[in-house]
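Please read the points below with the model open beside them.

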Amino acid sequence: MLLEQFEYHLIEMRLAHADKRCIWHPYTQMEDWKKWDNRVIVGGKGFYLIDNEGRRYLDGIASMWCNVWGHGKNEIVSKMSEQLRTLQHSTLFGLASAPSITLAEKLLKFSRGMQSVFYSDNGSTAVEVAMKMAVQYWRNKSRPKKTHFIALEHGYHGDTLGAMSLGYIAKYFRAYKPILTKVYRAPSPWDKSPSAKSKANIVNTCIEQTERIIMKYGYGCAALVIESGAQIAGGGIIYEKGYQRKISDLCKKHDLLLIVDEVATGFGRLGNMIEYLAQRSTPDIVCFGKALTGGYSPLAVTLTTAEIYNAFLGNYSENKQFYHGHTFTGHPIACAAAIANLDLYKRHNLLQKIRENSHYLGRRLEEVSRSPIVSSLRHKGLLAAFELHNNKKPINYMKNKEPIQYFIMRESMKMGVFLRSLANTMIVIPPLAIPRRDLRTLLDVQLRLLQKIEQDSK
Ligand SMILES: Cc1ncc(COP(=O)(O)O)c(C=O)c1O
């Protein structure tokens, strides 16, 4: 037995070594990565990830914001395996496939106002699809000059070319600017510490400025694009009530399509199944991804209204059809995962559980807010964000010059939780069905981390 364990350990050490030799990790300075004692995740059980040495880490960021039920959820795994035995993959180019139809019907049932579903593989491509649809919609309507976009400051929509153009974060995307498409920027409804009085002002000022931009440039634009309910990667900015509805009204008034990106906020993150409905906005095109499959398989969808869909109908020779598709469009196994996931939402009344945990999170955040290095705390559903500051200056580095996000990852893992920050912005974004005891652990670790950062910054 001991010998077996030793061999296992050697195999896993070899894996860690091979990772450093072969893998290029996303958003990672590989020079640093090569120096770290990295963990290789070899398993997942419940809400925990298990590394090559058998250590367990609470999946504190929901595997990049997509995990719902933790790992190994029987109902999803067995539906995926069943599908795997029945049909592994069959294309949607010229053929239909059963799971994609069942899932589309389910999605349209609760996405009021939408009429058709276009499949892709991830959030970024769902956004690319939305952009292409918007531009071609106007072309098909004989208004081919509407080709640009309006999007928000601090927005993020993914890493493909169109998505980067929309969600332009200079630090990330400066190098690619020469190949990005034209996007006009409207202000984000962002005030770090709004007083009750200024909250209404933020919405009104933002809407006024956005309308000015629309009046100036909207004629040449196909659509205005916003994240639904909150901007997450751009800093965990939660919209004030009424903002998204007013943006939606502006688009209608000025003949612009509204594309709503619910990739990160749909399916419960902010306490609502469908955020655009909760916001009382009426988009023309909506993107979902991440939690759609419970985080078990890559899949995304772009939903459109009948008005958009119908504009692509016509005689073949008119060339109005939508020229987009991927090898794995509507992948049966991913669709089976999504169907099982959505059934579980209903069976477990997940939205109610999210709301209860959201109250608990709110109470624990009061403790967080007492830390002298924490400012601008905001929270909705199972999303919270706050800034780390020392003497009003952002804490981007520890005293030894280590970037704070490295410190947070390393130290949280030592305490048995995997957490990541966006530089000095701490985002709390756990798996959506996280049990109370694990949420408690996550917040306990968060508080201990804050103490460590505070000590370092003295
Ligand atoms: C709002 C939003 N849109 C799109 C994306 C891109 O999704 P993906 O990483 O699956 O391409 C993300 C990813 O974080 C996101 O937060």
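1. Helix α16 covers residues 436–456, 21 residues in all, and runs 30 Å from its first C-alpha to its last, close to the 30 Å expected at 1.5 Å a residue. The expected span is 1.5 Å times one less than the number of residues. Helices here are DSSP runs of H or I with at least four residues, strands are E runs of at least two, and both are numbered from the N terminus. Its buried residues are D438, L439, L442, L443, V445, Q446, L447, L449, L450 and I453. Buried means under 20% relative accessible area, exposed over 50%, and partly exposed in between, with a 1.4 Å probe and protein chains only. An α-helix has 3.6 residues a turn, so residues three or four places apart point the same way.

2. On provenance, this is a predicted model, in which local features need pLDDT of at least 70, side-chain atom pairs count only at pLDDT 80 or more, and totals for chains, interfaces and linings use all residues. Residues are numbered from 1 along each chain as its sequence is written, and side-chain values use heavy atoms, with hydrogens and water left out.

3. Helix α14 (residues 350–369) has 20 residues and spans 28 Å between its first and last C-alpha, close to the 28 Å expected at 1.5 Å a residue. Buried in α14 are L350, L351, I354, N357, S358, Y360, L361, G362, R364, L365 and V368. The cover over these residues includes α13 (332–347), β13 (374–380), β14, β17 and α16.

4. H389 belongs to strand β14 (residues 383–390). H389 counts as buried because its relative accessible area is 17%. Leaving aside neighbours within four places in sequence, H389 is in contact (heavy atoms within 4.5 Å) with P372, I373, S375, P394, I395 and N424. H389 and R56 are 333 residues apart in sequence, and their C-alpha atoms are 31 Å apart in space.

5. Is N424 buried or exposed? N424 is buried, because its relative accessible area is 10%. Not counting residues up to four places away in sequence, N424 touches F386, E387, L388, H389, P394, I395, N396 and I404.

6. V40 is placed in the loop between α2 (30–33) and β1 (41–45). With a relative accessible area of 16%, V40 is buried. Beyond its neighbours within four places in sequence, V40 contacts L15, A16, I50, D51 and N52. V40 and D51 are eleven residues apart along the chain, with 5.4 Å between their C-alpha atoms.

7. Q83 is part of helix α4 (residues 74–86). Its relative accessibility of 13% is why Q83 counts as buried. From Q83 to L432 the separation is 349 residues in sequence and 25 Å in space, C-alpha to C-alpha.

8. Most residues other than glycine have a negative phi, and most peptide bonds are trans. A62 has a positive phi of about 50° although it is not a glycine. This residue is in helix α3 (residues 62–65), and A62 is buried at 0% relative accessibility. K290, also not a glycine, has a positive phi of about 35°. K290 lies in the loop between β11 (285–288) and β12 (300–304) and is partly exposed, with a relative accessible area of 26%.

9. For the protein as a whole, the secondary structure comes to 16 helices and 17 strands. The radius of gyration is 23 Å, which agrees with the value near 23 Å for a compact globule of 458 residues; the radius is taken over C-alpha atoms, and the globule rule is 2.2 Å times the number of residues to the power 0.38. The C-alpha trace spans about 70 × 60 × 45 Å along its principal axes. Of the 458 residues, 55% are buried. Among contacts with a separation of 6 or more, 70% join residues 24 or more positions apart.
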